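Dear colleague,

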Amino acid sequence: MDEQLRVGLVGAGPWARTVHAPGLADHPGTVLAAVWTRRAERARELAEPHGAAVAADFGELLEQVDAVAFAVPPAVQAELAVRAARAGKHLILEKPIAPDLPAARRIADAVSEGGVAALVVLILRYAMETQDWLADLAGSGRWAGGSARWLTGALLGDKYGNSPWRHEQGALADVGPHALDLLDAALGPITRVLAAHRTGEDLWHLLLEHDGGATSTVTMSMRLPIEPSVVEVAVYGDRGYRVLARKPGAANAAYTALLDDFAALIASGVTGHPCDVHRGVHLQRLLDEARALATRPR
């Protein structure tokens, strides 16, 4: 690109401070141009070290940027992302992209109407080890099934323990999109959620059906005091058993890869991508299905 993309950041929480802001400020194709949150002092604390402006409101932020990155709860993102897309701004969306499927579809419609690029921060998909793992699976034939385990105490600690939306929506909304996305990419599109159960301690169990006949399971919680956390995805079949485990500290490198793709999409005028807004809508449908099954009277 001839010029850096001016990106505005909405949000100033832990993920915004440790991943979004430094990633946008350091990438050669982007500049962190402005920050906005509903608490001006928090926006200033994040913006000043990176030389970014502090926007007085969301409308002012849109006037200063070419793209918007979000690090806010799903319901807030769903409302503001539609406004940004309609204003012709490209989007970096956190997962889940919305609180429910209708809201996710409104974002996708606005993105399509605006002709803008919109990538979802499915951070594990951008990691080199994930790409190598998926490429190996694709070249090894058909797999019969798989599983994902995501067991952490993230909501018991200080970093995310004060996040109301994570406590309310639980592991399904926060880490569920990652697990569903990886199993979907590894085994083929998930066609439906066959079963879902949530305990009172927010331990989730899902049973999934994939196009082509494979089945998979997901077990996840963010309230288990496990150290170190267990994060792994596996597939199995005639060719054996293949495991992908998350490497600690890999988020920043993966976010840089996301920005590589984001800048390339905008420079080329292409909007389609494996992790674009339509992927976000697909995952939102599965989240809604799982939540409905888990809360259905027995």
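**Backbone and helix packing**

P228 is found in the loop that runs between β10 (215-221) and β11 (230-237); helices (H or I, at least four residues) and strands (E, at least two) are DSSP runs, numbered from the N terminus. The peptide bond from E227 to P228 is cis, with omega near -5 degrees.

This is a predicted model, in which local features need pLDDT of at least 70 and side-chain atom pairs count only at pLDDT 80 or more, while totals for chains, interfaces and linings use all residues. Residues are numbered from 1 along each chain as its sequence is written, and side-chain values use heavy atoms, with hydrogens and water left out.

A cis peptide bond also joins K95 to P96, with omega near -10 degrees. P96 belongs to the loop between β5 (90-93) and α5 (101-114).

Most peptide bonds are trans, and most residues other than glycine have a negative phi. D202, which is not a glycine, has a positive phi of about 65 degrees. Its place is in the loop between β8 (190-198) and β9 (204-210).

In α8, G176, P177, L180, D181, D184 and A185 meet R279, H282, L283, L286 and L287 of α10, contact meaning heavy atoms within 4.5 Å. By class, this contact of α8 with α10 has six nonpolar, two polar and three charged residues; Ala, Val, Leu, Ile, Met, Phe, Trp, Tyr, Cys and Pro count as nonpolar, Asp, Glu, Lys and Arg as charged, and the others, Gly among them, as polar.

Yours sincerely
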